[in-house]
Amino acid sequence: MSVLELDAVVGGYGDTQILHGVSMKVDPGEIVVIIGPNGAGKSTAMKAVFGLLNLSGGKVSLDGEDITNMPPEQVVRHGVCYVPQTSNIFPSLTVEENLEMGAFVREDDFQPRLLELYEVFPPLAEKRKQTAGTLSGGQRQMVAMAKAMMLEPKILLLDEPTAGLSPKYRGEIFSIVKTVNATGTPILMVEQNAKQALKIANRGYVLVDGKNKFEGSGQNLLDDPEVAEMFLGGGAAA
Amino acid sequence: MIEFLNFYLIPGLVLGSIYALGAIGITLTFSILRFANFAHGETMLLGVYITWSLVQFSGLHPLIVLPVAAMLTVLAVLFIDRAFYKPFRASPTIMVVIASFGMMLMIRSVVQFIWGVQLKGMTQGIQRPMVFFDSLRISPKHVMIISATIVLMLAVHYLLSRTKIGKAMRAMSDSPELAKLTGIDTEKVVRMTWIVGGALATAAGVFLAIDTHIDTNMGFKMLLPMFAAAILGGIGRPFGAVAGGLIIGVVEEISSYPWIGTEPLLNPGYKAGVAFAIMIAMLLWRPSGLFKGKVF
Ligand SMILES: Nc1ncnc2c1ncn2[C@@H]1O[C@H](COP(=O)(O)OP(=O)(O)OP(=O)(O)O)[C@@H](O)[C@H]1O
Ligand SMILES: [Mg+2]
């Protein structure tokens with residue numbers, strides 16, 4: 001059974017329909033990447049999972065349970081954590097306080113988890129007492145991811161985790177994504193740096209105008225001349 | 001010099017402490033619930049009258065009944081939130097602001113209806129000032145107000161920096177949307193905001209009543225300086241609000257000191273205008289306030 005499944009999801013903001021029947025799934029242990037042009041509805045598809053828009057059709061299910069239109073605070077409690085594309089940290093809180101907030105719904109002791117995550121994100125351990133808003137873009141992204149991981153989620157949703165980062169940090173974030181995934185957390189990720197993302201992905205979806213355009217394994221999409229031309233900056237992937 | 005301390009600076013600090021306590025509630029509601037609460041002065045008023053009744057009833061000192069009065073005031077505020085503000089949670093800000101304006105008028109009318117409009121005193125008799133170094137005169141009530149304010153501020157600091165709910169309050173003030181996505185119980189944070197704001201407003205009102213007297217316009221008169229303090233400190237910055245309150249209180253008082261010649265620099269009748277002038281200047285010069293608060 002898939003961990004997360006979107007089945008012909010239709011919805012948007014107010015009266016504007018953005019998603020016209022989007023389907024995708026994430027199986028246990030997978031990294032799944034969504035690519036597509038600006039405004040294709042990639043972020044909107046993620047928000048659809050998180051109950052941030054009103055879906056007028058289709059179904060979202062988590063481990064087979066219907067979570068369509070469930071409000072965000074409930075979705076979190078069901079084990080889905082989401083790192084939005086923008087404003088994904090609390091800038092005036094310290095790094096450690098951000099992670100503590102990530103654990104808000106936990107009732108047990110979160111300290112062991114905190115220490116585990118400091119191992120995955122060594123720069124955060126060093127800056128634990130620093131105000132998160134003063135960190136560099138890459139480190140903020142790490143805070144956002146670590147914060148989302150505090151709950152040991154069933155699945156992690158990442159919206160463009162490498163947007164605006166230097167190549168050095170980009171590589172670092174991708175390797176963290178792999179590390180996190182290796183601990184057993186499936187990941188659904190939107191990415192602009194499509195080539196790099198597809199290389200670490202099990203599968204990928206290409207979304208255009210709120211509809212599925214292509215899908216396949218990461219390697220298949222990289223090799224597909226049409227996908228390469230349209231979304232990978234021309235030419236087949238190196 | 002000693003006259004300056006006794007009659008201008010110390011009263012300024014006392015007034016500033018009172019503004020500061022009130023402004024914390026304003027800045028928290030503004031940043032966490034995202035609206036300017038015009039009824040905050042009336043919360044103060046309600047707290048004062050409840051305290052007055054408890055004092056009449058029990059014969060105890062106002063400071064001793066203050067915790068009970070604060071609790072009753074908080075209950076009233078939580079009820080108001082539930083009944084009048086919660087339905088507007090998802091509506092445009094302006095609707096809640098107008099609702100709070102309506103609440104301001106309603107609470108004041110209720111207070112006037114129950115307790116009447118005549119002046120009252122919180123404490124009886126005149127206190128002899130304590131004298132330090134032969135000439136520094138501080139009245140015991142001023143010592144009490146300033147020390148109680150310090151204790152309350154330490155408590156607020158502890159709450160916001162050491163407790164889970166306090167940190168969640170700061171998180172929600174940073175971003176209510178992200179707070180929801182993170183699974184923070186935002187309604188619980190909202191309740192805590194009212195509890196802190198309501199309790200501090202009661203304390204501020206009672207201190208003012210102890211320092212001066214009680215009348216049904218006192219809440220409204222406090223509203224402008226409290227907003228000015230919150231804006232001066234930066235919206236969403238409780239300690240900015242404290243600094244803002246102290247600055248405005250002190251500047252209001254020392255503006256009538258005879259700095260030049262023997263006449264007051266500013267006629268005491270213009271005191272209220274001082275807070276307003278500071279607020280406007282701040283909004284023009286640096287809308288995010290001294291401590292880099294939010295700009296809406
Ligand atoms: N909150 C909103 N209210 C109304 N319309 C929105 C909102 N957010 C996005 N849209 C619109 O929905 C469409 C899809 O936006 P979305 O953010 O999902 O695109 P995207 O694929 O994530 O693009 P990008 O690569 O730029 O992040 C766009 O036309 C956008 O203008
Ligand atoms: Mg997007």
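Q: How far apart are the end C-alpha atoms of helix H6 (residues 137–149) of chain A?
A: This is a predicted model, in which local features need pLDDT of at least 70 and side-chain atom pairs count only at pLDDT 80 or more, while totals for chains, interfaces and linings use all residues. Residues are numbered from 1 along each chain as its sequence is written, and chains are lettered from A and ligands numbered from 1 in the order in which they are written. Helices (H or I, at least four residues) and strands (E, at least two) are DSSP runs numbered from the N terminus, and the expected span of a helix is 1.5 Å times one less than its number of residues. The 13 residues of H6(A) should therefore span 18 Å, and this agrees with the distance between the end C-alpha atoms, which is 18 Å.

Q: How many of the 13 residues of H6(A) are buried?
A: A residue is buried if 20 or more other C-beta atoms, placed from the backbone, lie within 10 Å of its own, exposed if 12 or fewer, and partly exposed in between. The buried residues of H6(A) include Gln139(A), Val143(A) and Lys147(A). The helix is largely enclosed by the rest of the structure, because the number of its 13 residues that are buried is 10.

Q: Which element gives the most to the side of chain B that touches chain A?
A: Two residues are in contact if their C-beta atoms, placed from the backbone, lie within 7 Å. In this way 12 residues of chain B are in contact with 19 residues of chain A. With five residues, the element that gives the most to this side of chain B is H6(B).

Q: Which element gives the largest share of the shell around ligand 1?
A: Ligand 1 is surrounded by residues that include Tyr13(A), Lys42(A) and Gln85(A), where a residue is near if its C-beta atom, placed from the backbone, lies within 6 Å. Strand E2 (16–26) and helix H1 (42–49) of chain A each give two or more residues to this shell. The largest share, three residues, comes from H1(A).
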